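Hi,

Here is the structure I promised to pass on to you.

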Amino acid sequence: MNWRVNRTALSLLSKNNPFKLTPMRLLASLVLMLLSFFAQAQKVAGKIVFQPGQVLTVNMKSSTTNLVSAMGQELEMKTEVIADHQFKVTNTTDENHTLSHEINRVRFNSDGMGNTMSFDSQSEKDLNGQLGAPVKDLLSKKYNLVIDASGNTLMAMNEGASTGKAGAEAGMLAQFVSGLTELTQAPKQGEASFFKVLPATEVGVGDAWTNTIDRNGTKIEEAYSIAEINENFITLNYLSNSNSTTVQENMGMEVTITMKNKSEGKIKVDRKSGILKEKIITTTATGTVASGYGDFPINSTSTSVITIN
C-alpha cells in the first residue's frame, strides 16, 4: 500500500505528468485558499448609512392564490397587488436618521369565482368607485420616523389624518392589499423598522439569529442567517412562522380567517450602505374561513417581491 502511495506521489512530480505541481500551480492554489478563507472571515454589522435628502422608492408586489373548499367544491381566487411607497431622508447623523413616509400608488386585480376586479389609485374612475374611499383613506396616511443606526424605531409621528370615509368597504379592500400596506402604519417605539435587517453586532457567513415581532396583533417568529457576503451585497436566508386571525366584514357579514403561515426566502442588503435592496418571500398557509354560512378550509400560496431604489 505504501509503495502505491509513493508511486502516485512520484508520478505527480514526473516531467510528463500534465498535472505536475509546479510552483505557479502551488501559488495559485494558495491564493484560492486564502481568498476562500477571507471570504468566510468577512464580518458585517447592521449600521445603516443614508444621505441627506435621499429618496427611496419601495415597490411591493404580491401574487396570491387562495383555494377554499366549500360544499364539495374548490373555489380558487387569484390576486395580484402592487403598492408603491416612498421614504425621504430629512435628517441623518451617525447615531440616528429621520425619514418621512407616504404611499404613492396602489394597484390590484383579482380573478376567481366567476368575477374579475381591478383597481388603480391613479385612475379617477376607480377612485370614484366602490373602493375609492378606503384607498383615499390609505393614501392620506403619512408619518415621520426616527430610527437608530441599526434600524430600530426611536420615535414615530403620524402626519396624515384619516378621511373617516372608508366605511364597510375597508374590509373588502383589506382582502386585496393585506400585507402590502403594512408600511402605512408607523412602527412603535422600540420595534424594528422596515430598514432593520442585520443585528447591531458583527456577523459573518453561517451566522444565524432569531427575532420576534408583533404585527397588528400577530406574533411572528423570524430566523435569519448569512448566506453570502461579497463586495456589493450581503445575502441572507429568511424563515418565519406565525398564526394569524383576521376579522373582516364582507357584504354585511362578519368573516373570521384563521391561518397558520410559513414563509421563507432571500434578502439582499447593500453592503456599503446597509440598506435593504431586495426581499423575495414565498408563504404557504392553511386555515379556516368562518362565516354565517359555516367553516370552510382554505389553502393559500403567495410570493412577495420587495425592491428598493
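This is a predicted model: local features need pLDDT of at least 70, side-chain atom pairs count only at pLDDT 80 or more; totals for chains, interfaces and linings use all residues.

Residues are numbered from 1 along each chain as its sequence is written, and side-chain values use heavy atoms, with hydrogens and water left out.

The chain has five helices and 14 strands (DSSP runs numbered from the N terminus: H or I of at least four residues for helices, E of at least two for strands). Of its 309 residues, 36% are buried (under 20% relative accessible area with a 1.4 Å probe, protein chains only; exposed is over 50%, and partly exposed lies in between). Contacts here mean heavy atoms within 4.5 Å. Among those between residues at least 6 apart in sequence, 57% join residues at least 24 apart.

On to the cores. A nonpolar core is a set of buried Ala, Val, Leu, Ile, Met, Phe, Trp, Tyr and Cys residues joined through side-chain atoms within 4.5 Å. The largest one has 32 residues, of which Phe50, Leu56, Phe87, Phe194, Phe195 and Leu236 touch the most other members. Two or more residues of this core come from each of β2, β3 (73-92), β6 (143-148), β10 (218-229), β11 (233-250), β12, β13 and β14 (294-308). Another core, of ten residues, lies apart from it and includes Ala83, Ile103, Phe119 and Leu131. Leucine 56 has contacts beyond its neighbours within four places in sequence, among them Phe50, Phe87, Phe195 and Ile308.

Strands β12 (residues 253-270) and β13 (residues 276-291) are antiparallel, with 14 bridges, and lysine 266 stands opposite isoleucine 280 in β13. Five residues separate these two strands, and glycine 274 in the turn has a positive phi of about 75°. Strand β9 (residues 208-215) pairs with β10 in the antiparallel sense over eight bridges, with glutamate 221 in β10 as the bridge partner of threonine 212. Here two residues lie between the strands, and asparagine 216 takes a positive phi near 55°.

Which residues line the largest cavity? They are Gly46, Ile48, Ser150, Phe195, Val197, Leu198, Val269 and Gly274. A cavity is a set of points on a 1 Å grid over the protein atoms alone where a 1.4 Å probe fits but cannot get out, and lining residues have an atom within 4 Å of a point.

Finally, two residues to look at. Serine 273 lies in the loop between β12 and β13 and counts as buried because its relative accessible area is 15%. Leaving aside neighbours within four places in sequence, serine 273 is in contact with Lys47, Ile48 and Val49. Threonine 64, in strand β2 (residues 55-70), is buried because its relative accessibility is 18%.

Best wishes

Note on methods. On a 1 Å grid over the protein atoms alone, a cavity is a set of points where a 1.4 Å probe fits but cannot get out, and a pocket is an open set with protein on both sides within 12 Å along at least five of seven lines; lining residues have an atom within 4 Å of a point. Two strands pair if DSSP finds at least two bridges between them.
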